[in-house]
Amino acid sequence: MRRKGPSRDENGLTPEDRRIWTRVAGSVATPKTRKAARVTPGAETPPEIVVTPVERSRPLAKSSPKRVAAAPPVEKRASPPRPKPAPEDLEPRRKQRLSRERDPIEARIDLHGFGRFEAEDQLRGFLISCQTRGMRAVLVITGQGRMGGGVIRSAFGEWMSSTALRGVVSGFTVAHQRHGGNGAFYVTLKRQT
């Protein structure tokens, strides 16, 4: 008996394949191409163009002196927004306060069972919603994976440094053993501006 798989579109892609493809395709920037000037060997250089001033055919009428309006002030261009700094490791005292629960861990998310891209989406939504609710510290459980090489755990640092989360995350570090050890992270959030 054949097991029926997920439905596929005309290109043979499942909805999950299509979602992953659009995500990857959206992260790729097209290169800017410049067309090179064509140079043919032995061709003559174009003649120089000389511009001469044109004489006016009628004389200017004398008129009373007029005030010349001052040129409008040049507006200072706004400098592009500064890139937000990447999150840093938590200072040891802050990590100690979180591990002893002197600073409260206000929310938790467990990313077990999610694929890499889905886990990233879940984490981003979770952190942004926690920041909007005014939370300052959360716990993210990634799991260790087999032999300590979990896909989500290994991508976690990259996600925290992404431009989407630079305005949200102020720092992160591996959690204490009682909160999951190497399979979890404390994440501190910036105040919403």
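Student: Which residues touch the most other members of the largest nonpolar core?
Tutor: This is a predicted model, where local features need pLDDT of at least 70, side-chain atom pairs count only at pLDDT 80 or more, and totals for chains, interfaces and linings use all residues. Residues are numbered from 1 along each chain as its sequence is written, and side-chain values use heavy atoms, with hydrogens and water left out. A nonpolar core is a set of buried Ala, Val, Leu, Ile, Met, Phe, Trp, Tyr and Cys residues joined through side-chain atoms within 4.5 Å, where buried means under 20% relative accessible area, exposed over 50% and partly exposed in between, with a 1.4 Å probe and protein chains only. Among the 23 residues of the largest core, those touching the most other members are Leu123, Leu127, Met160, Val187 and Leu189.

Student: Which elements each supply at least two residues of this core?
Tutor: Helices (H or I, at least four residues) and strands (E, at least two) are DSSP runs, numbered from the N terminus. The suppliers are strand 2, helix 3 (116-132), strand 3 (137-141), helix 4 (151-160), strand 4 (169-174) and strand 5 (184-189).

Student: How far apart are the ring centres of Phe156 and Phe172?
Tutor: Rings of Phe, Tyr and Trp (its six-membered ring) pair if their centres lie within 6.5 Å; planes under 30 degrees apart count as stacked, over 60 as edge-to-face and the rest as tilted. By this rule the count comes to three aromatic pairs. The planes of Phe156 and Phe172 stand at 80°, so this pair is edge-to-face, and the centres are apart by 5.7 Å.

Student: Why does the pair of Phe156 and Phe185 count as stacked, and at what plane angle?
Tutor: Phe156 is buried at 0% relative accessibility. Its ring centre lies 4.1 Å from that of Phe185, and the pair is stacked because the planes are at 15°.

Student: Where is Glu101, and what is its phi?
Tutor: Glu101 sits in the loop between helix 2 (92-99) and strand 2 (107-110), and at 47% relative accessibility it counts as partly exposed. Most residues other than glycine have a negative phi. Glu101 is not a glycine, yet its phi is positive, at about 60°.
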